[in-house]
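Okay, thanks for making time, everyone. I've got one structure to walk through today, so let me put it up.

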Amino acid sequence: MSRLWCGLTAEPCIKAGEPASDGIVRPMPVPQDSAVFRKNIYFCPSCKSYLPSTEFSLSANARTIGRCRKCSKLDNEARQREEFTKYKLLLKQLKKSEADYKDDAKIAFLLQQEDIQYLVENIWGSNSALSACDDLYELAMVRWNKYYEWSPWNCILLTKEEAAAHLKLANADQVTNTVYLGFTVTFLYV
């Protein structure tokens, strides 16, 4: 019974070999022993097709059959790629500037690209705190108070020119009525 059902439901995408001379792909012949059919045919959950085992790529330690090669290739082509070059550059600049301080700062050297990306995008909104410049290749992350070790709570995202001017300040905490992203912020530190 199962052999007859398999013969009736054979899909044209299941190749018996090379296409015929007329270009039509013939269905796989139904084997007489249905156990052979079950052993070499697998279900692809992505395209919902039953395909021969040769259409699946398996690793040496695979325990289950995943998607077929066609679905894997399609997923790889359709997947959105993220560009981390700008965050790599920001992290490299940060590590270099922290190494120049020579004060045994450690936190900046533990950061990874994803950490810098989170700080830049979620905390600073991908903009300079002073000029709202959004060109990440022009931005630098520097210490807010240069006398304390760099940390996520002691940093500010500025353009390179603004960062150079900021680091020339004797004490950043004494700055009053500074405009940050269009808002006037008054720092009252005693």
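Start with contacts: if you take those in the protein chain between residues at least 6 apart in sequence, 41% join residues at least 24 apart. Keep in mind that this is a predicted model.

Now the layout. There are seven helices and six strands in the protein chain, and the order along the sequence is α-α-β-β-α-α-α-α-β-β-α-β-β. Of the 190 residues, 26% are buried. The accessible surface is about 13300 Å², with 55% of that belonging to carbon and sulfur atoms.

On to the rings. How many aromatic pairs does the structure hold? Two. Take Y42 and F56: the ring centres sit 6.0 Å apart with the planes at 80°, and planes over 60 degrees apart count as edge-to-face, so that's what we call this pair. This one links distant parts of the chain, with Y42 in strand 1 and F56 in the loop between strand 2 and helix 3, 14 residues apart. So is F56 buried or exposed? Buried, at a relative accessible area of 4%, while Y42 is partly exposed at 29%.

The other pair is F43 with Y50. Here the centres are 5.0 Å apart and the planes are at 50°, so we call it tilted. F43 is partly exposed at 35% relative accessibility, and Y50 is partly exposed too, at 43%.

Which residue lies over the face of Y101? That's R143, at 3.8 Å from the ring centre.

Okay, over to you.

Terms used. Residues numbered from 1 in each chain as written. Predicted model: local features only at pLDDT ≥ 70, side-chain atom pairs only at ≥ 80, totals over all residues. Heavy atoms only, no water. Helix = DSSP H or I, 4+ residues; strand = E, 2+ residues; numbered from the N terminus. Buried < 20%, exposed > 50% of the residue type's maximum accessible area, 1.4 Å probe, protein only. Contact = heavy atoms within 4.5 Å. Areas by Shrake-Rupley, 256 points an atom, 1.4 Å probe, with all protein chains shown as cover. Phe/Tyr/Trp six-rings, centres within 6.5 Å; stacked < 30°, edge-to-face > 60°. Lys NZ or Arg CZ within 6 Å of the ring centre and 35° of its normal.
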